[in-house]
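Hi,

Here is the structure I promised to pass on.

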Amino acid sequence: MNTHETQAAQVFLAHHDFVRGVALKYAPWPGLMEDIAQQVFLEFMAKESQWDLSTDARPLLATMTRHIALRQWRERTKQQPEVVQKLADHIRLLAEEREAPPRYEEEISVLRSCLQKLPEKSRELVELYYYNDIGTPQIADQINMKADTVCRALSRVREKLRECIERTTASQGGHAHA
Amino acid sequence: MPDTDTLIQRYLEGTLTTGEAEELHALLQAHPELGERLLQHFEMDAMLRATKPLVVESMGARPALLPKRRFTFATVTSVAAMAACITLVGAWLINQTMSPQPEAEETTASVAVLTRGVNLEWDSAAVTPGTPLSPGWLRLKSGIAQIEFYQGARVLIEGPAELQLVSSGEATCTRGKLSAQVPPQAKGFRINTPKGTIVDLGTEFGVDVGAQNAEVHVFKGEVELHQPAVTMKSLKEGQAMAIAGNTAVLPANASSFASLNEIDARSAMSQRFQFEKWLASSARLNADAGLRLRFDFQDDEGSRSLRNHAVNGAQIADGSIVGASWTTGRWPGKRALEFRNVSDRVRLNIPGETKALTLAVWVRVNGLDRTFNSLFMSEGWSDRKTHWQITRDGKVRLGIAGGGGSHHVDHDTPVLFTPERFGRWTHLAVVYDPAAREVRHYVDGELLTRSALKDTTPLKIGIAELGNWNDRRSSGGVAIRLLSGAMDEFALWDRALSDEEIAVLGR
């Protein structure tokens with residue numbers, strides 16, 4: 001690996017959360033964000049010799065991410081039944097039309113501290129579903145509850161975390177872009 | 001039917017039935033506020049997945065449950081980030097060994113890039129340095145081309161030669177000479193010839209394919225020679241062999257193949273030649289009767305203005321540089337202005353009206369992160385003002401504001417700027433031709449698209465900016481339309497240039 005490649009990898013890693021935020025905006029499809037970030041990394045590194053790394057990499061990464069997001073979005077949703085495609089298109093338009101820029105980059109670090117403040121049962125649910133990759137029907141079986149109840153519990157946890165992030169960022173002077 | 005929370009959860013989990021998808025869609029249409037709620041859950045879901053630690057501590061005995069998701073990039077990049085602290089080599093290797101998703105492989109066409117060229121003449125479609133190359137034939141009439149395969153191998157081909165790119169690690173040569181440098185990470189790189197296949201084991205070698213025979217010469221390391229119905233042969237450093245027929249081992253002859261040093265020297269010479277040719281043609285261009293403005297960007301590096309070199313452009317003053325910094329242009333010694341901050345621009349004034357108009361620029365676009373990315377834009381947007389810009393989706397647009405209550409009209413090209421074009425110098429031109437009642441867009445000297453012109457009222461450019469935009473009417477902030485990139489030549493004519501004239505400019 002030459003020096004320029006090393007620098008390019010460092011630049012990407014420094015902007016990894018920024019790329020994820022852009023990916024979420026243009027491809028709100030479950031599980032697609034990481035695939036997009038992966039592809040952006042590969043394409044960014046494949047052409048690293050072309051990039052002037054002394055300049056701000058965000059415009060370049062934003063455009064690359066948007067192109068790749070739209071490409072992967074099309075590929076992923078076209079495999080779905082028509083009715084799901086319509087729902088997915090509707091959600092993508094909602095995401096694109098949102099006026100606020102992606103907040104992922106600012107919020108991810110706040111989220112980590114908010115997770116520590118969750119009640120024990122909520123934290124366990126997060127660990128089961130998000131960290132141990134166990135689906136809601138299986139969690140329901142395990143804790144002897146209905147699957148819909150688990151869905152609602154996860155929904156409440158996410159809402160609590162959203163409230164915590166809003167409170168924390170407000171106390172720190174609001175979002176940087178506001 | 002499940003409640004809204006459950007529907008959202010199933011959307012996030014990818015387990016919606018078609019009936020549930022229909023229900024959720026109907027709810028979103030009937031209750032627009034639900035859309036924001038869903039997006040917030042979606043974002044939080046994605047962030048929670050990304051907070052997954054590298055090693056998940058066991059939370060006690062659990063039933064044997066199957067993981068619901070596959071291996072994700074989050075894990076890989078977390079590892080890469082740690083490895084970066086120790087050595088970024090690790091990060092690169094980790095990511096290189098990951099398999100991209102099948103759908104991404106289907107849509108990624110290019111396998112190599114033409115990095116340098118000397119006196120290139122093509123029998124196939126012309127390609128210029130910086131162009132990504134997809135699988136297919138390259139027929140080089142003359143000159144030397146340096147191709148870097150995405151797997152890492154670097155190949156020089158000398159015209160006349162025919163090379164078919166097969167993949168990022170394989171090519172077929174049916175005629176001509178090539179030499180290859182294959183770093184360890186590209187080990188296994190293959191060159192097929194009509195007589196046999198050379199498989200590289202991490203080395204440097206040359207192949208000469210003639211009408212009757214073919215030879216392989218090994219300059220460093222070792223290669224394997226595979227031929228139909230013949231035992232595989234191994235050739236080591238300093239050895240050469242005919243690929244078919246006489247199998248005697250001969251001394252390798254490195255001097256008969258182009259080397260990287262040679263292309264370095266010839267490339268530098270070629271660039272110098274092109275630069276001098278451009279300098280020599282400048283005086284003739286400046287004297288063109290219809291040329292009203294020409295910035296060659298060769299002003300002193302300390303200068304904060306761009307001199308208008310058009311002999312007949314006395315009515316247009318020099319441009320004023322705001323913010324933009326000097327950088328290198330198309331060739332060493334050629335200067336350019338880089339636009340990177342929101343303040344960066346060149347201000348100028350084009351007084352009066354113009355019946356016809358041609359604009360031409362050499363531009364290097366680094367990325368398109370804004371809705372509109374300015375090439376050359378009149379201040380404000382009314383009464384036949386002109387906006388030449390690149391849209392976020394990569395189309396080049398000449399927008400003309402309506403006059404006397406009529407609507408504005410946009411003349412767009414198809415998508416031109418994709419990531420494959422970023423970082424490369426591109427020549428763009430647009431012609432507003434009232435006589436032919438059309439607008440023509442050109443790229444690298446070739447006609448790209450033409451669109452009908454209904455309203456041929458003269459244009460009024462007035463105060464304008466290169467690389468940015470100012471809306472003097474705005475009181476609540478100005479939309480950012482900064483170009484992320486560089487320019488090293490800009491010209492404006494008050495006449496419609498022909499296809500032939502544009503072709504000369506774009507060469």
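This is a predicted model: local features need pLDDT of at least 70, side-chain atom pairs count only at pLDDT 80 or more; totals for chains, interfaces and linings use all residues.

**Where the chains meet**

The contact takes in 73 residues of chain A and 71 of chain B. On the chain B side, the elements that each supply at least two residues are α1 (4-13), α2 (18-30), α3 (33-50), α4 (73-86), α5 (88-96), α6 (102-107) and β20 (357-367). Which of them gives the most? That would be α3(B), with 14 residues.

**A helix in chain A**

Helix α3 of chain A covers residues 32-46, which makes 15 residues. From first C-alpha to last it reaches 21 Å, close to the 21 Å expected at 1.5 Å a residue. Of its 15 residues, 13 are buried, so α3(A) is largely enclosed by the rest of the structure.

In soluble globular proteins, nonpolar side chains tend to be buried together. Here the largest nonpolar core has 118 residues, and A:Ala23 and B:Met487 are the ones with the most contacts inside it. From chain A, this core draws at least three residues from each of domain 1 (7-100) and domain 2 (104-177).

If you want to click through the surroundings of B:Met487, skip its neighbours within four places in sequence; its contacts then include B:Phe297, B:Ala336, B:Leu337, B:Trp362 and B:Leu466. There is also a second, separate core of 44 residues, with B:Val113, B:Val182, B:Ala214 and B:Val218 among them.

**Strands in chain B**

β6 (residues 190-193) and β7 (residues 196-200) of chain B pair in the antiparallel sense over four bridges. They form a hairpin with two residues between them, and B:Ile191 stands opposite B:Ile198 in β7(B). β7(B) also pairs with β10 (residues 222-227) of chain B, antiparallel and over four bridges; there B:Asp200 stands opposite B:Val223.

Last stop: B:Thr174, in strand β5 (residues 170-181) of chain B. Is this residue buried, exposed or partly exposed? It counts as partly exposed, because it has 15 C-beta neighbours inside 10 Å. Leaving aside neighbours within four places in sequence, B:Thr174 is in contact with B:Glu162, B:Pro194 and B:Val209. Its C-alpha is 8.0 Å from that of B:Gly210, a residue 36 places away along the chain.

Cheers

Notes. Residues are numbered from 1 along each chain as its sequence is written. Chains are lettered from A and ligands numbered from 1 in the order in which they are written. Two residues are in contact if their C-beta atoms, placed from the backbone, lie within 7 Å. Two strands pair if DSSP finds at least two bridges between them. A residue is buried if 20 or more other C-beta atoms lie within 10 Å of its own, exposed if 12 or fewer, and partly exposed in between; C-beta atoms are placed from the backbone. The expected span of a helix is 1.5 Å times one less than its number of residues. A nonpolar core is a set of buried Ala, Val, Leu, Ile, Met, Phe, Trp, Tyr and Cys residues joined through C-beta atoms within 7 Å. Domain bounds come from an automatic or database domain assignment.
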